[in-house]
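Hello,

Here is the structure we talked about handing over. My notes on its side-chain contacts follow below it.

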Amino acid sequence: MTRALPATATEIRVRGVVQGVGFRPTVFRLATSMGFRGEVLNDSEGVLIRVMADRSAAERLVAALEAERPPLARIDSVAFRPAGPLPNVEGFRIVESTSGRMQTQVAPDAATCPACLAEIRDPFARRFRYPFTNCTHCGPRLTIICDAPYDRERTTMAGFAMCDACRIEYENPADRRFHAQPIACHHCGPKVSLERIGGGTVEPTAFTMLDDVDAVAGLLLKGHIVAIKGLGGYQLACDATNDEAVTRLRARKRRYTKAFALMARDIEVVRRYTKVGPAEEALLASPAAPIVLLDAHGEARLPDAVAPGLATLGFMLPATPLHHLLFRRLDRPMVMTSGNLSDEPQVTDDGEARERLSGIADFVLTHDRAIALRLDDSVVRIIGGRARVVRRARGYAPGALPVPDGLQGRARVLALGGELKSTFCLLQGADAILSPHIGDLEEPRTLADYEHMLGLYTDLFDHAPEVVAVDRHQSYFATALGRNIAREKNLRLVEIQHHHAHIASCLAENEVGLREAPVLGIALDGLGLGDDGTIWGGEFLLASYRGFRRVGTFKPVALPGGAQAMREPWRNTLAHILAEMGWASFAMNFCDLELYDFLKSKPLDTITAMIRQSVNAPLASSCGRLFDAVAAAIDLCRDEIYHEGEAAMRLEALVDAATLASIEEDLAYPFAIPDLKRSGLPYIEPLAMWQALLGDLVEEAPPSIIAARFHKGLARAITMMADKVTRDGNARTTTRVALSGGVFQNRWLTEEVTRRLEAIGFEVLSQAKVPANDGGFSLGQACVAAAQVAA
């Protein structure tokens with residue numbers, strides 16, 4: 001029997017992470033317990049609740065929702081309005097979703113919850129050892145979604161018809177799998193299979209008495225390399241305690257020096273090899289389950305081949321039932337790295353895995369659920385007591401960030417990022433939707449993957465841009481793509497200086513509003529095209545979203561060989577020596593050094609002529625290249641590097657807290673701050689630093705002492721520059737400093753700079769939710785472009 005609605009009814013619009021996380025079942029449970037009649041549904045804007053009650057009663061329901069929201073849900077905004085007549089049913093109901101322009105957020109993939117984990121370990125449970133067990137509190141989201149809103153028929157689970165038992169759970173509002181879109185079991189869901197790469201059968205009983213997943217554990221313990229189909233792509237696994245297996249994987253994957261990620265069964269295994277504090281433990285056990293960079297100070301040691309030259313290890317815990325089952329009898333860590341050749345995108349397609357991984361893995365553990373979107377593991381590190389995202393992907397993307405005040409609703413912006421660690425950003429309404437880490441666009445497959453993901457995101461979020469934002473560097477692939485999009489769709493194109501975008505990204509994450517006063521932005525990285533046509537990379541900018549003024553810099557030093565100087569750190573050492581003291585002075589004072597003999601063996605006359613004549617030797621005010629130069633001077637990665645930032649990372653690894661603290665202030669390497677002759681711009685002059693460093697080499701000082709003195713001296717110089725350029729008599733032009741750029745992923749420099757700036761009265765803004773490296777600056781591009789529209 002139905003009745004007409006009472007005169008008073010209220011519509012509640014809830015926005016945020018509210019789809020695919022058990023939000024509607026929670027609304028149903030609470031509304032029912034509170035005696036409400038009405039309905040709840042998903043639509044393209046989030047969740048819509050209609051209750052037959054007045055505003056004050058509806059507010060009580062929302063208060064209960066905020067207090068008891070599901071673990072993965074996040075409420076960003078709630079709006080109320082009077083509701084029109086509704087067909088009335090007895091009680092409260094969940095109704096079918098409606099389609100439309102996507103204006104809600106998609107939840108990130110989430111690690112297996114305790115309830116599902118208990119099920120797969122229970123021999124009497126229906127899902128005992130089922131690798132795809134999930135519920136509304138955990139499991140795949142972004143990696144399976146094909147369209148919005150988030151319902152089963154719009155995911156890669158569409159081809160798996162629910163069995164009767166799963167259907168009962170799915171339709172029961174009291175069950176935690178109520179409307180869990182990836183719900184499945186042994187009978188009706190995806191299935192795994194173990195294959196030998198290159199053909200041939202595998203007899204699982206040779207390695208286990210259980211199933212194919214457990215057989216993989218046996219293969220790993222015997223020293224094999226196995227490709228495993230994970231949430232966002234294939235992974236390559238081997239026994240991390242087996243030096244021969246790790247070395248073999250490096251050779252096959254052509255990943256010669258970059259650290260491997262590790263997975264361990266539980267936190268106790270991680271503690272054997274690393275120092276794990278409460279913050280790190282919480283990150284490891286969080287729903288995001290990222291790779292966490294930890295100090296390698298445990299009782300046990302892993303082979304040097306796992307993380308060559310570094311003082312940290314990147315560990316994660318199992319994030320899926322498949323990985324939990326795999327690790328049940330593995331009491332040691334396993335390498336768990338991306339399934340690809342070095343620098344290529346991670347493999348997601350089954351056929352492609354059999355082809356592209358055939359020269360790397362011995363076996364492959366695959367399954368028949370497709371991966372809709374490639375997604376790397378996220379990487380997080382504790383710096384200065386805060387968890388800072390280094391690579392934002394699985395577990396975090398596509399979680400939206402709030403658009404700062406004054407920029408909300410100004411324009412729909414598509415910002416295309418840069419060349420390395422590429423991401424893009426969609427700005428619409430109150431949300432900034434940052435893509436997951438994609439990679440370096442110089443690799444053709446990565447560029448193709450970038451374009452595929454861009455198409456998927458714009459469709460998924462129904463994003464029709466009005467403005468396209470790109471980096472000012474014309475040779476970037478992302479810039480060329482953005483120019484093409486703007487031309488073809490007749491959209492406004494905004495070119496944004498690289499380091500301005502970095503600072504704007506930091507401002508946006510810290511929710512600095514459009515109308516707030518400019519801050520001093522310190523952007524330190526490898527390189528970016530400056531407004532004057534030269535290469536910048538160590539910049540002090542008085543900046544807001546609307547614009548910036550360059551007020552300080554690092555000394556411009558030549559990059560002999562251009563891009564080659566970024567691959568061969570010795571070139572930067574030589575360029576600095578030539579720029580600071582000249583070869584004759586260096587030879588006269590330091591000819592007994594092994595560094596002198598090394599550099600003398602290089603084509604000195606040719607490089608000197610290149611620099612003098614400005615032929616393929618552009619000037620760069622790059623802090624990143626200064627790190628390379630210092631690293632090569634003390635024989636770290638001197639000849640060449642195999643991945644971006646390798647020399648700087650090894651230099652950082654030589655330092656520890658005790659050594660840094662032991663360096664007296666007057667023993668920190670000195671820098672000066674004179675003015676550039678042509679522009680009068682203050683710059684950080686490293687001549688005195690080089691004289692002190694080379695003197696320490698003569699005295700055979702330990703490399704760890706040299707590295708610590710450099711870090712401490714550089715932090716002091718950066719602070720001195722900040723103090724100098726913000727002085728206006730006895731007052732300051734600003735008391736806020738924003739730090740951004742890849743160099744600020746260096747723990748020691750970031751902590752030391754922050755401590756010193758705060759000691760002289762600055763408020764320091766830094767990045768945590770968004771990478772400080774190029775993986776985060778598309779957010780800044782989007783905000784700068786929106787500010788220009790708002791002007």
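Phe586 is buried, and Phe590 is buried too (buried is under 20% relative accessible area, exposed over 50%, partly exposed in between, with a 1.4 Å probe and protein chains only). The two sit 4 residues apart in helix H16, about one helical turn. Helices (H or I, at least four residues) and strands (E, at least two) are DSSP runs, numbered from the N terminus.

Before the rest, the ground rules. This is a predicted model, where local features need pLDDT of at least 70, side-chain atom pairs count only at pLDDT 80 or more, and totals for chains, interfaces and linings use all residues. Residues are numbered from 1 along each chain as its sequence is written, and side-chain values use heavy atoms, with hydrogens and water left out.

Aromatic rings

The structure holds 13 aromatic pairs. Rings of Phe, Tyr and Trp (its six-membered ring) pair if their centres lie within 6.5 Å; planes under 30 degrees apart are stacked, over 60 edge-to-face, the rest tilted. Trp583 and Tyr596 are stacked, with 5.4 Å between centres and 20° between planes. Trp583 is in helix H16 (residues 582–590) and Tyr596 in helix H17 (residues 594–600), so this pair ties together parts 13 residues apart in sequence. Tyr596 is buried, at 11% relative accessibility. The Phe586 and Phe590 rings have centres 6.0 Å apart and planes at 35°, so that pair is tilted. Elsewhere, ring pairs link Phe424, Tyr450, Tyr457 and Phe461 into a cluster.

Charges over rings

The charged end of Arg550 sits over the ring of Trp536, 4.0 Å from its centre. Lys602 does this over Trp570, at 4.8 Å from the ring centre. The rule: NZ of Lys or CZ of Arg within 6 Å of the ring centre and within 35 degrees of the ring normal.

Salt bridges

How many salt bridges are there? The count is 63, taking a side-chain nitrogen of Lys or Arg within 4 Å of a carboxyl oxygen of Asp or Glu. Asp531 and Arg472 form one, at 2.3 Å, N to O. Asp531 lies in the loop between strands E22 (519–529) and E23 (535–543), and Arg472 in the loop between strand E20 (467–471) and helix H12 (477–489), so the bridge ties together parts 59 residues apart in sequence. Asp531 is partly exposed at 42%, and Arg472 is partly exposed at 27%.

Arg127 and Glu119 also bridge, at 3.9 Å. Both are buried.

Best wishes
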